[in-house]
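Please look over the sequence and the model below before reading on. The paragraphs that follow go through it step by step.

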Amino acid sequence: MTQLLKHIALVVADYDEAIEFYTKKLRFTLVEDTRLSETKRWVLVAPPGGTDGCLLLLAKAASDEQQTRVGNQTGGRVFLFLHTDDFKADYQNLLDQGIKIVREPSQEEYGTVAVFADLYGNLWDLIGSNQSDG
């Protein structure tokens, strides 16, 4: 048996502002944006070159309880781990785009890592392996 994790839902406040952030600032690809109803869309984004991997499902908060989770789905822990083959260029893009850096790059056993926050405050690791730190 083979199983794959294909989508991870990220609760967002607004579809369009989330699409704008991920596609313009993080340079993700908009894979799909399908209207399901007057209030619900199926929105998938993927990092550059990552459309064959796990996709991020941008899911608009549909209730007051869900709204409380926007930006804090994991209680302040790093939530998503973005691996790159060009850490220096991608880190520079974060700086150029004015994305909040929570922890400056550091060298770890597995490579270089920096923590940044998305537009809602969710924490991400940007990780470049030791072989790909450019």
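Is R69 buried, partly exposed or exposed? With a relative accessible area of 39%, R69 is partly exposed. The model is a predicted one. The side chain of R69 meets that of E65 in a salt bridge, at 3.7 Å from N to O. E65 counts as exposed, at 56% relative accessibility.

The structure holds 4 salt bridges. Another of them joins the side chains of R27 and D90, at 2.8 Å from N to O. R27 lies in the loop between α1 and β2, while D90 lies in helix α3 (residues 87–96), so this pair ties together parts that are 63 residues apart in sequence. Both ends are in reach of the surface: R27 is partly exposed at 38%, and D90 is partly exposed at 23%. The backbone at R27 also deserves a look, with phi near 65°, a positive value in a residue other than glycine. Most residues other than glycine have a negative phi.

β2 pairs with strand β3 (residues 41–46) in the antiparallel sense over 6 bridges, and a hairpin of 5 residues joins β2 to β3. R35 stands opposite R41 in β3. The side chain of R41 also meets that of D33 in a salt bridge, at 2.7 Å from N to O. Here R41 counts as buried at 11% relative accessibility, whereas D33 is partly exposed at 35%. D16, D33 and R41 are linked in a network of salt bridges.

N122 is buried, with a relative accessible area of 2%. Beyond its neighbours within four places in sequence, N122 is in contact with residues including L10, G71 and F116.

Note on methods. Residues numbered from 1 in each chain as written. Predicted model: local features only at pLDDT ≥ 70, side-chain atom pairs only at ≥ 80, totals over all residues. Heavy atoms only, no water. Pairing = 2+ DSSP bridges. Helix = DSSP H or I, 4+ residues; strand = E, 2+ residues; numbered from the N terminus. Buried < 20%, exposed > 50% of the residue type's maximum accessible area, 1.4 Å probe, protein only. Contact = heavy atoms within 4.5 Å.
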